[in-house]
Amino acid sequence: MATSSSGPLISLQNHSEASCKKKAIQNRISRFCLGFRGRIDRFQAIKGPDNGITSNKRFSLGCNFFGETENFSGDDRNSIKDEQFVRWFREAWPYFRAHRGSTFVVIISGEIVASTYLDAILKAGFGAYLPFFFFFCNLVSDISLLHGLGIRFVLVPGTHVQIDELLAERGSEAKYFGQYRVTDSDSLEAAMEAAGRIRTMIEAKLSPGPSIWSIRRHGDNSRWHDVGVSVASGNFLAAKRRGVVEGIDYGATGEVKKVDVSRIRERLDGDCIVILSNLGYSSSGEVLNCNTYEVATACALAIGADKLICIVDGPILDECGHLIRFLTLEDADMLIRKRAKQSEIAATYVKAVGGENGSYPGYLDSNGTIPPQNGKSFREMYNVTFQNGVGFGNGNGLWSGEQGFAIGGAERLSRLNGYLSELAAAAFVCKGGVQRVHLLDGTNGGVLLLELFQRDGMGTMVASDVYEGTRMARVADLPGIKQIIQPLEESGALVRRTNEELLEALDSFIVVEREGQIIACAALFPFFEEKSGEVASIAVSSECRGQGQGDKLLDYIEKKASVLGLEMLFLLTTRTADWFVRRGFSECSIEFIPEARRKKINLSRKSKYYMKKLQPDMSGITVDRGLH
């Protein structure tokens with residue numbers, strides 16, 4: 001668990017080792033600015049014998065932004081800075097467009113709220129360490145900065161640490177049963193005081209606007225003198241008493257009954273950041289203390305958030321101590337179910353979403369994922385729908401009444417199962433329709449920027465839709481593939497293949513299946529000696545175009561090519577050059593095509609040749625390695 005400190009934490013190593021580490025970090029920072037591919041490893045997580053985080057060692061970054069560049073002249077240094085700034089901005093442009101207008105629900109865990117790391121999230125994470133970003137960010141908060149880029153935020157801060165501290169100061173003891181707190185009169189008073197303090201603190205940290213002196217050269221504007229960000233809070237949460245469960249009277253502990261979606265959206269549309277407290281209000285006018293994660297997950301589902309982001313006090317590590325960068329919904333579900341016998345929260349998850357025997361439906365295919373069952377994908381098998389104020393229902397009585405997923409109590413506080421509870425909450429909302437959940441280590445400064453504006457991110461992502469339904473082709477798929485590519489063959493966009501030729505090439509085809517139908521296909525033909533591969537026959541059924549299926553296939557092909565050790569992709573096209581250029585391909589000469597492939601080119605088609613160099617992939621997303 002992360003510890004807070006007002007002073008720098010010193011690494012226990014000699015000066016030479018510290019100097020080498022410092023240079024390594026400086027190089028990583030430079031690589032981040034050059035290509036958004038470096039990472040700032042300011043903390044080194046050390047796993048103890050109980051598989052928990054025993055300490056976090058922070059390395060000082062009191063250094064020149066460009067590392068050892070003191071010998072450069074001022075003009076050289078400015079030229080490098082200008083080049084880095086322009087390159088950084090251009091490479092960030094796709095992320096600006098992708099995230100603009102999106103709605104993110106952000107849980108800030110109670111441990112982070114109670115620590116000094118909160119400033120690194122609400123205030124510029126780079127400002128204190130990098131002179132370049134100091135001037136770029138102007139000490140504006142990361143959330144405020146992202147809000148200014150058009151991202152809509154609902155912040156849900158945790159309060160349990162402050163509540164427990166207030167109770168201890170007043171001679172009372174915190175009581176938990178399962179995932180919930182028992183809220184007596186003293187606990188309710190502490191909960192209201194903690195929620196009020198935290199809301200006021202966050203409002204204050206979001207209030208400063210950008211520094212004016214650095215932008216005055218662009219002219220005066222009255223908006224510069226306004227309060228930085230408008231923040232809205234209110235009685236957005238309807239709750240009901242948890243009551244007496246298995247003989248335990250939970251007092252003023254509440255469960256989410258309904259989220260006031262229309263009023264939250266009204267505030268978001270009004271350019272406000274919404275702070276959603278864990279205090280709910282009953283129909284009789286009572287104040288009820290609700291579980292923060294239940295509130296956040298219910299809100300994300302109710303408003304149809306694009307992302308749920310959980311900022312916790314440590315990284316999500318595997319059994320070897322390595323950061324888990326990516327989990328499919330199927331992988332996360334399976335991992336949680338395997339822990340159901342040793343984890344009460346995991347068992348609650350299994351009971352909530354179905355399959356109480358701890359097993360998962362189906363079996364794993366060669367991709368390591370659950371293949372479609374009766375033509376239905378993993379998510380479609382549950383056919384879950386969420387209705388605000390009603391909960392989930394799939395016709396089988398599962399999930400009925402569930403509004404959100406509560407985590408907490410002794411299991412979470414002890415971290416005996418690491419961050420399994422947060423993973424369960426992530427899988428819960430993914431099943432409900434939120435496509436991406438990010439679990440981020442809030443002890444890393446600037447973690448939001450590093451996660452949202454780098455291809456491979458900085459934390460752990462759980463996703464329900466990355467390659468859903470995508471797999472290697474089978475013989476039974478031939479009629480579906482033929483049906484999709486035939487119109488393109490007739491138009492001349494694709495080279496015509498006989499049934500025999502298509503069957504011979506089937507091992508190289510990838511398909512997307514939905515409800516038992518093939519809706520898209522593509523092929524990857526590897527040339528291992530040249531470490532290159534040909535992309536061919538990308539086609540999407542007419543009724544599914546415009547849904548991103550082509551991008552899904554191309555991304556899958558790029559990752560598969562990387563797994564196979566290929567370094568370049570190439571293609572021949574007569575009609576679709578623009579589509580590929582927008583996705584990073586550039587025109588090349590025929591000399592870039594492997595000789596074995598050049599001999600088979602029909603020169604009368606006068607095809608154009610395009611290529612793309614593959615970048616090292618650190619995303620953690622895996623695909624099937626083998627070709628059938």
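1. Lysine 612 and glutamate 558 are joined by a salt bridge in which the closest N and O atoms lie 2.7 Å apart. Because lysine 612 belongs to strand β27 (residues 608-613) and glutamate 558 to helix α19, this pair ties together parts that are 54 residues apart in sequence. Both partners, lysine 612 and glutamate 558, are buried. The model under discussion is a predicted one.

2. Helix α19 (residues 549-563) also contains aspartate 555 and lysine 559, which are 4 residues apart, about one turn of the helix. Aspartate 555 forms a salt bridge with lysine 559, with 3.5 Å between the closest N and O atoms. Aspartate 555 has a relative accessible area of 28% and is therefore partly exposed, while lysine 559, at 12% relative accessibility, counts as buried.

3. A further pair consists of glutamate 489 and lysine 482, whose side chains meet in a salt bridge of 3.7 Å, N to O. Glutamate 489 and lysine 482 are both buried. In general, side chains of opposite charge can pair when their charged atoms come close.

4. How many salt bridges does the structure hold? The count is 24. Salt bridges also link Glu111, Asp313, Arg412, Arg415 and Glu422 in a network.

5. The surroundings of valine 105 deserve a separate entry. With neighbours within four places in sequence left aside, valine 105 is in contact with Val154, Val156, Ala296, Cys299, Ala300, Ile303, Ala305, Lys307, Leu308 and Ile309.

6. Glycine 110 is located in helix α3 (residues 110-113). Is glycine 110 buried or exposed? Its relative accessible area is 2%, so glycine 110 is buried. Not counting residues up to four places away in sequence, glycine 110 touches Gly158, Thr159, His160, Val161 and Gln162. The C-alpha atoms of glycine 110 and proline 157 are separated by 6.7 Å, although these two residues are 47 residues apart along the chain.

7. On the surface, Phe85, Val86 and Phe89 form a nonpolar patch with about 220 Å² of accessible area together. Valine 86 is placed in helix α2 (residues 74-99). With 35% relative accessibility, valine 86 counts as partly exposed.

8. The cysteines call for a brief remark. A search of the whole structure finds 0 disulfides. Cysteine 320 has a relative accessible area of 63% and is therefore exposed, whereas cysteine 430, at 0% relative accessibility, counts as buried.

9. For the overall description, the protein has 21 helices and 27 strands. Buried residues account for 50% of its 628 residues. The accessible surface comes to about 29,300 Å², and carbon and sulfur atoms contribute 49% of that area. Among contacts between residues at least 6 apart in sequence, 70% join residues at least 24 apart.

Conventions: Residues are numbered from 1 along each chain as its sequence is written. This is a predicted model: local features need pLDDT of at least 70, side-chain atom pairs count only at pLDDT 80 or more; totals for chains, interfaces and linings use all residues. Side-chain values use heavy atoms; hydrogens and water are left out. Patches are made of residues with over 30% relative accessible area and no salt bridge: like charges are joined within 9 Å, nonpolar side chains (Val, Leu, Ile, Met, Phe, Trp, Tyr) within 5 Å. Accessible areas come from the Shrake-Rupley method with a 1.4 Å probe; for residues, only the protein chains shown count as cover. A salt bridge is a side-chain nitrogen of Lys or Arg within 4 Å of a carboxyl oxygen of Asp or Glu. Helices (H or I, at least four residues) and strands (E, at least two) are DSSP runs, numbered from the N terminus. Buried means under 20% relative accessible area, exposed over 50%, partly exposed in between (1.4 Å probe, protein chains only). Contact means heavy atoms within 4.5 Å. A disulfide is a pair of cysteine sulfur atoms within 2.5 Å.
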